[in-house]
Amino acid sequence: MTLYKNMATRINQAQHIIVLTGAGVSTASGIPDFRSSGGIWEQDRSREYYMSSEYFQKEPEDFWRKYKAIFQMKLVGTYHPNNVHLFLQQLEAKGKKISIITQNVDGLHERAGNTTIINYHGTLQSATCPTCGTSYGLSYIMNSETPYCNDLYGSTPCGDILKPDIVLFGDSITEHDKAEAIIDQGDLLLVMGTSLFVMPFNFLPDYAIYQRSLPSILINREETMKDNIFDVVVHDDLSKAIHHIQRFLQ
Ligand SMILES: [Zn+2]
């Protein structure tokens, strides 16, 4: 219990918390963790090939069929934020600055009501036309099997096949510099629900701790590759851990 009290004290003292989140934050909302054992990627490694920019270029229509199946797009709208998402929203409501850098693509931090969110691996909530840059929301994407751009050049529709706004395998990460810039402004690092296995996301804790000297907290069900660089580490079910911490919050 002293660990949780220690974490809560650090959270109480912080003005601007940098929060890094991963799949473990969303599993309590019923969203499968694609990477841990038993997750969907584990069951069928070919999906990693299908969800690549290479496959999108080659077979965009089949790409869209597989994309919607893999990410269970029909269900996306029925997921709801859980107590971990809501905990971060409550900290913001209390007047703390909360900046979330998430690997999740489900949009649940936005739905919970947090306002500063970097979607490091993009989002399922929208898609963009590669030709003209027009952006489309979830309902348009779900309206047809393959979503086409209906923007007009004069009276001619653009007609290109949209590309989802998640980062595909083979795509470059565009948000890394923005993530570091936001870390520069923080005074506490809180990492939750990620094994810190995926590069280059897993460079961010090193940046925050070694370059910016931020005090640091890690909560994850399993050990991570970087446990040793954090000030306070707890291995527990995330929902339970948050519940314990909340008892000591001001
Ligand atoms: Zn277009």
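This report describes the zinc site of a predicted model.

Residues are numbered from 1 along each chain as its sequence is written. Local features need pLDDT of at least 70, side-chain atom pairs count only at pLDDT 80 or more, and totals for chains, interfaces and linings use all residues, while side-chain values use heavy atoms, with hydrogens and water left out.

The zinc ion is held at 2.3 to 2.4 Å by the SG atoms of Cys 129, Cys 132, Cys 149 and Cys 158; donors are N, O and S atoms within 2.8 Å of the metal (3.2 Å for Na, K and Ca). The angles among the 4 donor atoms run from 102 to 124 degrees, and the site is tetrahedral (four donors, all angles between 85 and 135 degrees). The donor residues follow the spacing C-x2-C-x16-C-x8-C. Within this set, Cys 129, in the loop between strand E4 (122-128) and strand E5 (135-137), and Cys 149, in the loop between helix H8 (138-143) and strand E6 (152-153), are 20 residues apart and link distant parts of the chain. Helices (H or I, at least four residues) and strands (E, at least two) are DSSP runs, numbered from the N terminus.

Accessibility is classed as buried (under 20% relative accessible area), exposed (over 50%) or partly exposed (in between), with a 1.4 Å probe and protein chains only.

| Residue | Relative accessible area | Class |
|---|---|---|
| Cys 129 | 2% | buried |
| Cys 132 | 27% | partly exposed |
| Cys 149 | 3% | buried |

Cys 132 also lies in the loop between E4 and E5. Beyond four places in sequence, Cys 132 touches Cys 149, Asp 151, Tyr 153 and Cys 158, where contact means heavy atoms within 4.5 Å.

Definitions and conventions:
Tetrahedral: all angles 85-135°; square planar, octahedral: opposite > 155°, others 65-115°.
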